[in-house]
Amino acid sequence: MRQAALFGFMCTILLIAGPAAAQISYERVSMDGGKSILMIKGEFEQSDDPSRLVSEYLQLKPVFVAFHSPGGNVASAMKFGRMIRALGADTLQTRSLECASACALAFIGGVHRSAEAGSIGVHRSSFAEDAGLDRNTAVAAVQAMTAEIIKYLGEMGVSSDLMQISLSVDSSDMRYLTSREMEQFGITTATGAETVPGKQPEPQVSSVPTPQPQASAPVPDNRTKVVQFVERYHNAWSSTNSTALAFIREAYGSKVDYFGKIVSQDEVVRDKSNFADRWPDRAYSVRPDSLIISCVSNCRVTGEVEWFSSASARDKSTSGVASFGMIWNPDTQRIEAETSKVITADKGPKTPFRLIRQWHEENSECRGSTEPESAKTVRACDRRSELDAKLDRVGWCYGHRNEYGYQMKWHACDVNSNRP
């Protein structure tokens, strides 16, 4: 059966499966052609014995093992994952069936692994409220378990970088992974890419693909182009002086209506250069919902930008909010008019709190979305990465090396800081 058909079939069996049980149980799901899927349901508990999985699997001989589980005990989930690998079984997961938290560890036991976007959820592990552990014992236990998980990920061919995402998500929250992330970390595999000792690979049938007409990439309209230009402009202005000024020289027309006065391109560059020399470390980020655009022959765009700039030589910093407006020519891709006005100037700012707030907003959308492949979620993840780089430029970092996610905070960068 084709992979897409399998996903479609798995979406329908949720109606039969019902809610997850409190402990592990098994459900046999029949498919067309006499094939079956073995579904593991419920929470993983320390007392669960994966030996029953062996008898269920050998009896049913399913094409896939699937899950309907909110997680549970990490050590138990890894036992099930190792048993799945020992059986040479393949795993499949769809968004209609929950596989979150510790369940992700059981899922990666599959030899070949397929999963829909948003079907695998991860977060930081936690102790039960009645565990009764003091702080030192709890920290030692977390470190030991983290080492075990990293070892297990290596056994299963999954990147330990997955831990970085998991540890950054509070145990009360959940981050559902995109297809790109699952491929990047090795959570999903290319069919037939691996072989297991004792298991013969299935024969591959060669075929000549039928040529298909190439679909033309959509041509962005002028509104999209000006949004992309505004983003590039503020990203460049948040870079080093040499990078920023090289962009500025190409961004303006030969004559510009600059704050109500017609000036040459050289005069604009000179004014920007003087500002850059005065404030060499800059981070500017547009409020994404503030843009108002109208395009006829040219595009008029207005919006609001939050900034933080510093000059370590003078021990000075500045931050605030400004409105800006520009007229942009889509044919020449140059600015023909520009103006701006400070809305709020913060007094004696010590931290780039405005941009950090933007980062948290984008991070929340990026990691918490129920639609991880949506354009909005992908854009939030991209903006979070852009803000990471901008904040690093002005000397602010999130977390230190070897810290757990719950320990990470924004701070003035030091030698042990995480850097983008």
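How many aromatic pairs does the structure hold? The structure holds 12 aromatic pairs, where rings of Phe, Tyr and Trp (its six-membered ring) pair if their centres lie within 6.5 Å, and planes under 30 degrees apart count as stacked, over 60 as edge-to-face and the rest as tilted. The model is predicted: local features need pLDDT of at least 70 and side-chain atom pairs count only at pLDDT 80 or more, whereas totals for chains, interfaces and linings use all residues. Residues are numbered from 1 along each chain as its sequence is written, and side-chain values use heavy atoms, with hydrogens and water left out.

**View 1. The aromatic pair of Tyr233 and Tyr252.** Helices (H or I, at least four residues) and strands (E, at least two) are DSSP runs, numbered from the N terminus. Tyr233 has 5% relative accessibility and counts as buried; Tyr252, at 0%, also counts as buried. The term buried means under 20% relative accessible area, with exposed over 50% and partly exposed in between (1.4 Å probe, protein chains only). Phe229, Tyr233, Phe247, Tyr252 and Trp328 form one aromatic cluster.

**View 2. The aromatic pair of Trp359 and Tyr398.** The ring centres of Trp359 and Tyr398 are 4.8 Å apart and the planes stand at 45°, so the pair is tilted. Trp359 belongs to helix H12 (residues 353-368) and Tyr398 to strand S16 (residues 396-398); the pair links distant parts of the chain, 39 residues apart. Trp359 counts as buried, at 4% relative accessibility.

**View 3. Arginine charges over tryptophan rings.** The charged end of Arg282 sits over the ring of Trp237, 4.4 Å from its centre. Arg314 lies over the face of Trp279, at 4.5 Å from the ring centre. A charge sits over a ring if NZ of Lys or CZ of Arg is within 6 Å of the ring centre and within 35 degrees of the ring normal.

**View 4. The hairpin of strands S1 and S2.** Strand S1 (residues 25-30) and strand S2 (residues 36-41) run antiparallel and are joined by 6 bridges; two strands pair if DSSP finds at least two bridges between them. Tyr26 stands opposite Ile40 in S2. The hairpin has 5 residues between its strands, and Gly33 in the turn has a positive phi of about 80°.

**View 5. The open sheet S5-S7-S8.** This sheet of 3 strands has mixed pairing. Strand S5 (99-100) and strand S8 (175-176) stand at the edges, each with a single partner strand, so one side of each is left without a neighbour in the sheet. S5 pairs with strand S7 (residues 120-122) in the parallel sense over 2 bridges, and Cys99 stands opposite Ile120 in S7.

**View 6. Leu97 in the loop between strand S4 and S5.** Strand S4 covers 91-93. Leu97 counts as buried, at 0% relative accessibility. Leu97 and Lys41 are 56 residues apart in sequence and 9.6 Å apart in space, C-alpha to C-alpha.
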